[in-house]
Amino acid sequence: MDKNKIEDGVRLILEGIGEDTTREGLKDTPCRISAMCEEIFGGYGQDPAVPLSRTFSSETGDIVIEKDISFYSVCEHHLLPFFGTVSIGYVPDGKVVGLSKLARTVEIYSRRAQIQEQMTTQIAEALQDELKPKGVIVVARAEHLCMSMRGVKKPGTQTMTYKTTGCFSDDEELRKLFFSMIRS
């Protein structure tokens with residue numbers, strides 16, 4: 001990440017809205033914003049294959065579900081946050097991954113400027129590519145501040161996206177089972 005470019009950009013935005021960038025409350029803001037960017041956009045330097053590469057043999061053929069993994073991301077259209085939860089299900093084909101690795105995968109993709117639809121697909125595809133399960137389903141629910149605090153101004157509105165692969169794409173009963181399990 002180029003901290004100098006971020007700091008220069010923040011100064012330009014502040015000047016553009018009519019602020020004095022030398023006043024006490026704002027003089028360190030460009031530096032604080034660049035440090036924040038390292039944290040909230042830290043997913044760019046991470047490869048989801050790394051946490052997903054540590055697997056364990058397992059003979060289970062039943063669904064593994066981790067639900068309500070919280071996340072915070074930033075909308076690439078307005079650079080405003082969107083936040084919510086992701087629920088993941090997969091049917092192993094001989095190997096499983098540690099549960100924390102599912103949360104780490106969500107974290108990697110949510111820590112990028114992007115859209116919820118893309119994030120949901122990226123998580124599902126990473127799990128499918130790395131674990132080679134019989135199928136994957138990923139559901140994301142989020143509130144978007146670009147919709148809550150500006151534009152249409154509808155706070156509390158939830159956007160829900162999901163992506164399926166393999167047996168979850170082909171088997172409606174399996175999808176219904178997954179959705180009933182994440183509702184409980």
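The following legends describe close-up views of a predicted model.

View 1. Five strands form an open sheet in the order 5-2-3-6-7, and their pairing is mixed. Strand 5 and strand 7 (159-166) stand at the edges; each has a single partner strand, so one side of each is left without a neighbour in the sheet. As a general point, strands of a sheet pair through backbone hydrogen bonds, either parallel or antiparallel.

**View 2. The pairing of strand 3 with strand 6.** Strand 3 and strand 6 (residues 135-144) run antiparallel and are joined by 10 bridges.

View 3. Helix 4 comprises 12 residues (residues 99-110), which at 1.5 Å a residue should span 16 Å; the end C-alpha atoms are 17 Å apart, which agrees. The buried residues of this helix are Leu-102, Thr-105, Val-106, Ile-108, Tyr-109 and Ser-110. The elements that cover these buried residues include helix 3 (49-52) and helix 5 (116-131), together with strand 2 (64-75), strand 3 (81-91), strand 4 (95-97) and strand 5 (113-114). In general, an α-helix has 3.6 residues a turn, so residues three or four places apart point the same way.

**View 4. Helix 5 across the sheet.** Helix 5 lies across strand 2, strand 3, strand 5, strand 6 and strand 7. Relative to strand 6, helix 5 runs at about 155 degrees.

**View 5. The largest pocket and its lining.** The largest pocket holds about 360 Å³ of space. Its lining consists of 13 residues, of which Val-10, Ile-33, Met-36, Cys-37 and Leu-79 are the closest to the pocket centre. Helix 1 (3-16) and helix 2 (29-40) each contribute at least two residues to this lining.

View 6. Asp-93 is placed in the loop between strand 3 and strand 4. Its relative accessibility is 48%, and Asp-93 therefore counts as partly exposed, a class that lies between the limits of 20% and 50%. With neighbours within four places in sequence left aside, Asp-93 is in contact with Lys-132, Pro-133 and Lys-134. Asp-93 and Gly-166 are 73 residues apart along the chain, and their C-alpha atoms are separated by 11 Å.

Definitions and conventions
Residues numbered from 1 in each chain as written. Predicted model: local features only at pLDDT ≥ 70, side-chain atom pairs only at ≥ 80, totals over all residues. Heavy atoms only, no water. Helix = DSSP H or I, 4+ residues; strand = E, 2+ residues; numbered from the N terminus. Expected span 1.5 Å × (residues − 1). Buried < 20%, exposed > 50% of the residue type's maximum accessible area, 1.4 Å probe, protein only. Contact = heavy atoms within 4.5 Å. Pairing = 2+ DSSP bridges. Axes fitted to C-alpha atoms, helices over the stretch in contact; angles between N-to-C directions. 1 Å grid on protein atoms, 1.4 Å probe; cavity = no way out; pocket = protein on both sides within 12 Å on 5 of 7 lines; lining within 4 Å. Points joined across faces, edges and corners; volume = space filled by probe spheres on them.
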